[in-house]
Amino acid sequence: MSDATVSIGVFDNAGYTRAVLDLTMRLAEVIFAAGAGAEDATAAMEAITRAYGLKGTEANVTHTIIALTHEDPGTHESITRSRNVKYRSLNYGKLTATSELIAELIENPIDVADARKALATIVSARPQVTALWRRLGWSLVGAGAAVLIGGGLTVLVAAFIATFFIDLITTALDRRQVPVFYQNVVGGAIGPMTAAVVALVDPSANPSLVVIATIIMLLAGVTTFGAVHDTLSGFYLTGTARMMEALLITGGLVTGVAGASLLLARFGLVLRVNGNVALTFADVAALLAASVVIVVGFALAVQVPWRAYWVVCLLGALAELLYLAGTSAGFGLVWSSAAAAVGVGLAAALTSRVVRTPPLVIVVTALVPLVPGLTLFSGLLQLSDGNIDGVLSMLTAGAVAVALAAGAILAQYLVQFVWGPARRLQRRFVGPLMALPVRLSRSPGKRI
């Protein structure tokens, strides 16, 4: 009789462990697929399992696999769960809601079945805005980019229309599971086609600016920030994979733009893409307004929570102002970008608590106008033409991307080191948490 009782207890314990591991995996998968870094997903899994009484759990995250293993201290039986994250898309509304749920479960673990229902409600919830508004958001990114690089009214309108149809077409291709490389080949080809129309309608306009605006829009969703964050945090495999993904997408854009330009040249419409745009304090009001438009558009597209809009707009303008101040003072692209990222990162680490939004959401959205997509594209385009100067452009783009991510991460680490749990976390993790709620206090508490 006692043997039967022991067997039932072991079975129930294993079943409970599997239920907790499954819940934890689902939570980590949602935040990782929505834009969180590998470090945040790992920290979330370990914190949740500890909250539910499972000690000694080992979590592992790569670019496409999330794994979680627990060894029962009584029976030494190991239970492992893994999930394959095939598709990722920035959805900061879902990321924020899931992050809040994780914080609640860490502080007050509820029944596993109830927690799974709460997560299912978040996953199945209607989007914050309709698909049309998200598409208009990407159009605002293109229009704001056109103004940011010196385009006039014709270029602005053309960029708005072009980016609208780019998102429409690439979304349709994505639904048919067309590889992302070919999606960007098609998206990149639309820019030169639109630029050719602009050259015919308004000969005084600079049609190359339309191409650049559409490129910035397409690269805005390429989170080189996540790649650098994972690399600096010690997740080298995931960081390298994300960087390769960004390069693959950029290569698709190069192919599309170069192919469309060659086709237009056969019909006598020669289009020269010139990405040498100097930004100065001369038009600071227009540049700040354009940066805010880009931030608002990106926030709509990736569904940033409404309560955080005023913060991301303010910090987007701050990022552009700090960047312009740095370049005007002669600090160059890299150090100016780093200074802007540190300033935005410090402000985001504090304001994120006010609007109850993860710092990652605020930082990435505010720094979108400074993403070095144009420089990276110019470098690859130069290399495709056999110009060795493309190597220098690519190195510059890489340095700017690292400066943006490293500056923002450094700022977050400094804030957490002074007020948050960074000292304790450093025993297990390399960098600070960006997508999870942390307690900015030295007082005891369960929150991460």
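**Note on the predicted structure**

1. The protein contains 17 helices and 3 strands.

2. Overall burial and surface. The protein has 448 residues, and 51% of them count as buried. Its accessible surface amounts to about 19800 Å², with 64% of that area belonging to carbon and sulfur atoms.

3. Contacts along the sequence. When contacts between residues at least 6 apart in sequence are considered, 71% of them join residues at least 24 apart.

4. A nonpolar surface patch. Leu153, Val157, Ile161, Phe165, Leu168, Ile169 and Val186 together make a nonpolar surface patch of about 580 Å². The element that gives the most to this patch is helix H6, spanning residues 153-175, with 6 residues. One of the patch residues, Phe165, is found in helix H6. Phe165 counts as partly exposed because its relative accessibility is 42%, a value that lies between the limits of 20% for buried and 50% for exposed.

5. Gln303. This residue is found in the loop between helix H11 (284-302) and helix H12 (309-328). Gln303 has a positive phi, near 60 degrees, although it is not a glycine. Its relative accessible area is 9%, so Gln303 is buried.

6. Arg356. A positive phi is also found at Arg356, a residue other than glycine, where the value is near 55 degrees. Arg356 is found in the loop that connects helix H13 (332-355) and helix H14 (359-366). With a relative accessible area of 52%, Arg356 is exposed, whereas Gln303 is buried.

Technical notes: Residues numbered from 1 in each chain as written. Predicted model: local features only at pLDDT ≥ 70, side-chain atom pairs only at ≥ 80, totals over all residues. Heavy atoms only, no water. Patch = residues over 30% accessible without salt bridge, like charges linked within 9 Å, V, L, I, M, F, W, Y side chains within 5 Å. Areas by Shrake-Rupley, 256 points an atom, 1.4 Å probe, with all protein chains shown as cover. Salt bridge = Lys/Arg side-chain N within 4 Å of Asp/Glu carboxyl O. Helix = DSSP H or I, 4+ residues; strand = E, 2+ residues; numbered from the N terminus. Buried < 20%, exposed > 50% of the residue type's maximum accessible area, 1.4 Å probe, protein only. Contact = heavy atoms within 4.5 Å.
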